[in-house]
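The following paragraphs lead the reader through the packing of a predicted model. Please keep the sequence and the structure in view while reading.

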Amino acid sequence: METHPVQTKANGRKGQGRISKAVTMKAYEVYCHVFSEQEAMVTGGCRGGFSSGELIAFLYARSFPKEEWKDRVAEVFRDMEEI
């Protein structure tokens with residue numbers, strides 16, 4: 001199974017994890033629509049990949065019609081609490 005890097009955080013320390021390419025590519029589709037293409041987000045060349053919060057926001061937004069994705073991502077980021 002091919003994987004992509006994701007940012008992790010445990011005990012207040014940043015780390016690096018991996019998650020299925022199938023998951024990151026669905027999130028990346030939304031990311032591209034909302035922001036713009038930046039392949040390094042899934043290859044690890046940019047910040048070590050998506051954070052778990054970003055994955056949640058993009059995958060949540062993807063369950064809605066495409067024209068709502070930007071608003072739904074903003075909704076998650078606005079209401080998200082940092083742990």
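Which residues are buried in H4? They are Trp 69, Val 73 and Val 76, where buried means under 20% relative accessible area, exposed over 50% and partly exposed in between, with a 1.4 Å probe and protein chains only. These three cover an arc of only 60 degrees around the axis, which puts them on the same side of H4; the arc is that of the directions from the helix axis to the C-beta atoms. The face of H4 turned away from this buried side carries the exposed residues Lys 70, Asp 71, Arg 78 and Asp 79. Helices (H or I, at least four residues) and strands (E, at least two) are DSSP runs, numbered from the N terminus.

The model is predicted, so local features need pLDDT of at least 70 and side-chain atom pairs count only at pLDDT 80 or more, while totals for chains, interfaces and linings use all residues. Residues are numbered from 1 along each chain as its sequence is written, and side-chain values use heavy atoms, with hydrogens and water left out.

The buried residues of H4 pack against H1 and H3. H1 (residues 21-34) and H4 (residues 69-79) have axes that come within 9 Å and cross at roughly 105 degrees. Axes are lines fitted to C-alpha atoms, for helices over the stretch in contact, and angles run from 0 to 180 degrees between N-to-C directions. H1 and H4 are therefore roughly perpendicular to each other, a term for angles of 65 to 115 degrees. Glu 29, Val 30, His 33 and Val 34 in H1 meet Trp 69, Lys 70 and Val 73 in H4, contact meaning heavy atoms within 4.5 Å.

With H3, the axis of H4 is 8 Å apart and the packing angle is about 140 degrees. On the H3 side the contact includes Ala 57, Phe 58 and Ala 61, and on the H4 side Trp 69, Val 73 and Val 76 are among the residues involved. The residues of this contact divide into eight nonpolar, one polar and four charged; Ala, Val, Leu, Ile, Met, Phe, Trp, Tyr, Cys and Pro count as nonpolar, Asp, Glu, Lys and Arg as charged, and the others, Gly among them, as polar.

Glu 67 is found in the loop between H3 (52-62) and H4. Glu 67 is exposed, with a relative accessible area of 66%. By contrast, Val 6 in strand E1 (residues 3-10) counts as buried, at 8% relative accessibility.

Technical notes. Parallel < 35°, antiparallel > 145°, perpendicular 65-115°, else oblique.
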